[in-house]
Amino acid sequence: MASLGRVVRGGFWLYASTVVSNLLGLVYWMAISAVGGAEVLGITSTVVGLATVINGALGLGTATGVQRFLGMWATDREQKAKYFYTTLAFTAAVYAVAAAALFAMGLAGTSLGEFTPQMLAVAGALVALGFTNTYYALMTAHLRTDVYFAAVAAGNLAKLAVGVALVKAGWGWTGAALGYALVGAAVLAAGAYYAPRWTGRPTLSLSALADVLKAGIASWAPGIIATLGQWLGVLAIYHAATATETGQYYAALTIANVVLMIATSILSLLLPVLSGMADGRKRAAARALRISLAAAAPAAAFAAAYPALPLTLLGHEYAQAAPALTILILSLPPTAIAATATSLAYAYGNY
């Protein structure tokens, strides 16, 4: 019960980060839409979607895999340092290579389907910060999601100030997309400050990397499927329709994520806690699932029944995405159940 209480408290801060991120995101898009219209939102969300898909594909599940071992070695600073810094070095190298390739394509004037050279270059800037997921894994494993909340809040405030200023200065969607990089930069700064205080001396280990990859690869394919399921909608609409319609769908996706995160913010903290428990894992997981679904049910029911109300906060043109929002909300129960089952299986080592 004590561990579950820590999970719920940690889940509160994690959800608070999502609420702050999405509320400031709504303010951001309202300001961007007022200056540049839904087309800017559509192109920006497409670039963000491309970077997110690439980051998910290259992550190899390391953010999930390392959480298991950070939870297992919660009281051993040296072991934590070995697993954390090994994973950090590996992911930083992988994302740096991918970002350099995207930059090179952009500078060479190479297009990739609907993606212009400029879009590829800006996506590269977002991909370069993909390794900050390792810092996020450390914060969640320590249940210090209050630190993550502070970083996300600061990053989103910076995004709002800088991104809107860049759009007003004539940078258009490029300025709006670059504003997103400030959130990752804030998480990087917070993680770089706290990591030495939570772990021991930095060490690298091939055996630790093998452990993390073995644990992470099992979640990698399902994670890619989930990421594609979320972002292919944005990319497909941009390809088949208009940037304006892409922006409308992205607004619905953002609001749906606010509701879904009520449940998943609690459940995402289960893995390190269950990994450190000697007994009672199934009971704790079942209790957390019930709490998360009960917490999310009121907001989910409201958003599904009256989807146009939250969408019109961005402008009346976004009300056309109401049916999409209702459909997206229906993913709550299977998402929560799958997240619980995954954490429980990982905690038992059944990758």
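Modeller: Ground rules: the model is predicted, so local features need pLDDT of at least 70 and side-chain atom pairs count only at pLDDT 80 or more, while totals for chains, interfaces and linings use all residues. Residues are numbered from 1 along each chain as its sequence is written, and side-chain values use heavy atoms, with hydrogens and water left out.

Biologist: Why is the contact between aspartate 146 and arginine 144 called a salt bridge?

Modeller: A salt bridge needs a side-chain nitrogen of Lys or Arg within 4 Å of a carboxyl oxygen of Asp or Glu. Here the closest N and O atoms are 2.9 Å apart, so the pair meets that rule. A search of the whole structure finds one salt bridge.

Biologist: What makes aspartate 146 partly exposed?

Modeller: Buried means under 20% relative accessible area and exposed over 50%, with partly exposed in between (1.4 Å probe, protein chains only). Aspartate 146 has 27%, so it lands in the middle class. Arginine 144, with 29%, is partly exposed as well.

Biologist: Why is the pair of tyrosine 193 and tyrosine 194 called edge-to-face?

Modeller: Rings of Phe, Tyr and Trp (its six-membered ring) pair if their centres lie within 6.5 Å; planes under 30 degrees apart count as stacked, over 60 as edge-to-face and the rest as tilted. These two sit 4.9 Å centre to centre with 85° between the planes, so they pass both tests. Tyrosine 193 is partly exposed at 44% relative accessibility, and tyrosine 194 is partly exposed at 26%. The count by this rule comes to eight aromatic pairs. Ring pairs also link Phe84, Tyr85 and Tyr135 into a cluster.

Biologist: Which residues touch the most other members of the largest nonpolar core?

Modeller: Ile32, Val47, Phe84, Trp173, Tyr250 and Leu311, out of 84 residues. Such a core is a set of buried Ala, Val, Leu, Ile, Met, Phe, Trp, Tyr and Cys residues joined through side-chain atoms within 4.5 Å. Helix H10 (residues 243–267) gives the most to this core, with 11 residues.

Notes
Helix = DSSP H or I, 4+ residues; strand = E, 2+ residues; numbered from the N terminus.
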